[in-house]
Amino acid sequence: MNVSNLPLPTLSARLAGTLDIITDDALARTTGVRVAFTGTSGGVSEGPYASLNLATHVGDSFAAVEENRRRLLHALDASDVELVVPNQVHGTNVVSIESRSTTVVERARVDAERGADALVVGVPDVAALLCFADCVPVVIVSPTGRFAVVHAGWRGVVGGVAEQALEVMLEAEASLFGGRESAAASYNVYIGPHIHAECFETGFDVHARFVDLFGDQCAFDDRRIDLSKALSVGLARKGVDACRIVDAGVCTVCGGQGHYSYRASGGTCGRHGALAFRRV
Ligand SMILES: [Zn+2]
């Protein structure tokens, strides 16, 4: 198989229908892979969940979440995809989907419901949606069109959930690239809105674990940690090229009302999403 190079990753904010998304249009044009980080507007949820809450586990009306998810897929012209939304548990379990058959997708849904913080999808028309309010959304895309959507809070970063998802992708396709390192070097990595270092104060023990694992460069100062930098260090160690890692540059805590923040809201809020799917 001849796999062509991906365009270098970029992330831009734009409207999709009436919804604010952050996406890479060049990636979608060249590979069919759509990556979208969502915001808070354009949905039907109310109160602390207003308005595009995509998560069912936060106390919002189930019908409102269903409508919000429907609007999101519709806005991206993807109403017909199979949507898989895992039950996120701040772990490192990865569920992968390598067939569009109903049986396989249903089995993946059951596995993901038992607890998963990353989905790897190797087939078209299956969408992975993970939900966030301060934790870091990471999407990894291969030139083959295979992708991973990852939920990385600080526990996930320390546990290596993004590296685990990368490993699952490499396992499936490294041979197409002549080895794991050249495969990893060809992947694009997209880091979505999350709690930035200036707002992420941690306990001394957590801070020390990060510095041990990822070096001084992930420390913003002696109390605060840069999760994006820690993730980038972890992925670069596995062969990802630093110039193929892009960060949306939006802090969920101090970046305005455009995203949900668990910390800023005091704990009751909706969840924005990281969504990816591939069209052929
Ligand atoms: Zn901030």
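A residue is buried if 20 or more other C-beta atoms lie within 10 Å of its own, exposed if 12 or fewer, and partly exposed in between, with C-beta atoms placed from the backbone. Helices (H or I, at least four residues) and strands (E, at least two) are DSSP runs, numbered from the N terminus. This is a predicted model: local features need pLDDT of at least 70, side-chain atom pairs count only at pLDDT 80 or more, and totals for chains, interfaces and linings use all residues. Residues are numbered from 1 along each chain as its sequence is written.

Start with the whole chain. The protein chain holds 9 helices and 12 strands. Its radius of gyration is 17 Å, close to the 19 Å that the globule rule gives for 280 residues, so the chain is as compact as a globular protein of that length. That radius is taken over C-alpha atoms, and the globule rule is 2.2 Å times the number of residues to the power 0.38. Along the principal axes, the C-alpha atoms fill a box of roughly 50 × 45 × 35 Å. Of the 280 residues, 49% count as buried. Now consider contacts. Two residues are in contact if their C-beta atoms, placed from the backbone, lie within 7 Å. Among contacts between residues at least 6 apart in sequence, 65% join residues at least 24 apart.

Next comes a sheet. Two strands pair if DSSP finds at least two bridges between them. Here 6 strands form an open sheet with mixed pairing, in the order 1-2-3-12-7-4. Strand 1 (12–16) and strand 4 (82–84) stand at the edges. Each has a single partner strand, so one side of each is left without a neighbour in the sheet. From one strand to the next, the twist averages 30°. Angles run from 0 to 180 degrees between N-to-C directions, and axes are lines fitted to C-alpha atoms, for helices over the stretch in contact.

Strand 4 pairs with strand 7 (residues 126–132) in the parallel sense, over 3 bridges. Valine 84 has alanine 128 as its bridge partner in strand 7. Helix 3 packs on the sheet here, touching strand 4 and strand 7. The direction of helix 3 makes about 20° with that of strand 4. Helix 2 (residues 62–75) lies across strands 1, 2 (19–23), 3 (33–38), 4 and 12 (272–278). Helix 2 runs at about 60° to strand 2.

Two residues show how such packing looks from one position. Valine 105 lies in helix 3 (residues 102–113). Valine 105 has 18 C-beta neighbours inside 10 Å, so it counts as partly exposed. Leaving aside neighbours within four places in sequence, valine 105 is in contact with Glu82, Val84, Ile97, Arg100 and Val126. Alanine 148 is in strand 9 (residues 147–152). Alanine 148 is buried, because 28 other C-beta atoms lie within 10 Å. Not counting residues up to four places away in sequence, alanine 148 touches several residues, including Ala118, Val139 and Met169. Alanine 148 and valine 121 are 27 residues apart along the chain, yet their C-alpha atoms are separated by 6.3 Å.

Now turn to helix 7 (residues 204–214). Which of its residues are buried? They are His207, Phe210 and Phe214. Seen down the axis of helix 7, these buried residues fall within an arc of 60°, so they line one face of the helix. The arc is that of the directions from the helix axis to the C-beta atoms. On the other side, Phe204, Asp205, Ala208 and Asp212 are exposed. Helix 8 (227–237) is included in what covers the buried residues. Glycine 215 follows helix 7, and its phi is positive, near 90°.

Finally, check some backbone exceptions. Most residues other than glycine have a negative phi, and most peptide bonds are trans. Aspartate 77 is not a glycine, but its phi is positive, about 55°. Aspartate 77 lies in the loop between helix 2 and strand 4. With 12 C-beta neighbours inside 10 Å, aspartate 77 counts as exposed. Histidine 90 is not a glycine either, and has a positive phi of about 60°. Histidine 90 sits in the loop between strand 4 and strand 5 (94–97). The peptide bond from alanine 50 to serine 51 is cis, with omega near -15°. Serine 51 is found in the loop between strand 3 and helix 2.
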